Amino acid sequence: MPPFLTLLLLPFSWLYAGVMAVRNWLYDTGRKSSGNFWPGPVLSVGNLRVGGTGKTPHVAWLVRELLRQGRQPAILSRGYGRRTRGFRLGNAQETAETFGDEPLQHYQDFGGAVPVAVCEDRLTGLNQLFALPQVGAVVLDDAYQHRRVQPDFSVLLTEQHRPFYDDYVLPAGRLRESRAGARRADVVVVTKCDADLDAARQQEIARRIRRYARPEVPVLFSTYAYAAPVPLAGSAAPPAPGGPEIVLLTGIAQPGPLLEYLTAAGFQVVHHAAFADHHSFTAAEIAAVAAHCGPGRCIFTTQKDATRLLAPALHTEIARLPVFYIPITVEFLADGAARLRQLLSPFIQPQAVV
């Protein structure tokens with residue numbers, strides 16, 4: 001955003017930040033109630049900023065850790081972008097339209113072995129999930145501002161190249177609340193880091209974060225690891241790096257890191273069809289992308305976008321195209337994974353077998 005426009009919008013940002021500050025004060029002082037009365041731990045992953053900071057792969061990391069430690073976790077999301085309301089427990093018949101693209105990605109990632117639910121009312125959703133006998137813990141996806149729930153452990157994410165401490169509250173910036181909201185975090189994870197981010201730079205970032213977070217809160221650093229392309233349908237082999245040209249199709253908030261990875265890996269991106277986050281693709285849009293997919297070319301997309309590309313209305317278009325999605329996992333820099341496991345240890349004691 002141009003600096004002059006930021007200055008012009010700052011008074012509106014102050015007004016919005018003030019409203020959010022009053023709301024947070026009401027919860028912090030107990031004037032508005034916040035629930036924390038469930039039989040198992042509730043872990044929250046969220047951010048201060050609108051847009052992608054890597055919540056989905058970090059939620060998946062936490063769930064895998066809970067499973068590794070003998071807990072049976074569940075995932076609860078609002079289900080942003082779905083055309084349904086109320087509590088829904090994931091099943092094989094759900095689509096991105098009925099369930100939301102990110103929850104559906106979680107459901108597919110874990111093959112249905114981990115309960116995944118959506119509910120705009122997190123209290124209702126938690127009550128429903130903990131009523132399931134096998135659920136021993138719940139990971140909340142994108143619930144940092146949902147103050148009606150008091151999580152046992154709160155993970156705040158912020159991007160290395162778009163840190164919350166350099167941003168402003170809406171509409172002058174992209175923050176959902178003021179930087180002071182970082183004080184609720186039990187750990188701050190700086191995401192999408194350069195893999196070679198040195199210790200001195202990490203210390204400087206941590207110092208700036210701690211101006212707003214509690215001084216004792218650990219600051220960890222993570223990066224993305226990209227796996228081999230997976231065919232969206234069929235069993236066609238993807239092109240090797242440096243081989244045929246590819247077309248990139250994205251409907252996510254921050255496609256930059258993926259584009260940089262593909263370029264660095266030697267892929268030749270001849271066309272990038274970039275849509276807004278959670279975009280519902282149409283058959284006409286897919287046909288337009290297909291026009292760039294000449295002989296020897298294929299289409300790469302993200303795993304989140306893949307859930308929407310599998311919509312029944314797109315079946316005819318997608319079935320005739322060589323489309324591949326690229327899975328993303330989280331890797332922590334230095335000893336970040338070990339430190340996070342230590343922080344989580346009070347909440348992931350093995351549960352009794354039901």
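Two strands pair if DSSP finds at least two bridges between them, and helices (H or I, at least four residues) and strands (E, at least two) are DSSP runs numbered from the N terminus. The model shown here is predicted, so local features need pLDDT of at least 70 and side-chain atom pairs count only at pLDDT 80 or more, while totals for chains, interfaces and linings use all residues. Residues are numbered from 1 along each chain as its sequence is written, and side-chain values use heavy atoms, with hydrogens and water left out.

**View 1. The open sheet and its strand S1.** Nine strands form an open sheet with mixed pairing, in the order S3-S4-S2-S5-S1-S6-S7-S8-S14. Its edge strands, each pairing on one side only, are S3 (88-89) and S14. Strand S1 (residues 42-47) runs parallel to strand S6 (residues 153-159), and five bridges join them; Asn47 has Leu157 in S6 as its bridge partner.

**View 2. Helices H2 and H6 on the sheet.** Helix H2 lies across S1, S2 (73-77), S5 (137-141), S6, S7 (187-191), S8 and S14, and runs at about 170 degrees to S5. Such angles run from 0 to 180 degrees between N-to-C directions, and axes are lines fitted to C-alpha atoms, for helices over the stretch in contact. Helix H6 (residues 199-209) also packs on the sheet, where it touches S6, S7 and S8 and makes about 125 degrees with the direction of S8.

**View 3. The crossing of H2 and H11.** The axes of H2 (residues 55-68) and H11 (residues 336-344) come within 12 Å and cross at roughly 65 degrees. In this view Trp61, Leu62, Glu65 and Arg68 of H2 meet Ala337, Leu340, Arg341 and Leu344 of H11, contact meaning heavy atoms within 4.5 Å. The residues of this contact divide into five nonpolar, no polar and three charged, where Ala, Val, Leu, Ile, Met, Phe, Trp, Tyr, Cys and Pro count as nonpolar, Asp, Glu, Lys and Arg as charged, and the others, Gly among them, as polar.

**View 4. Thr84 in its loop.** Thr84 is found in the loop between S2 and S3. Leaving aside neighbours within four places in sequence, Thr84 is in contact with Glu97 and Thr98. Leu310 lies 226 residues from Thr84 along the chain, and the C-alpha atoms of the two are separated by 18 Å.
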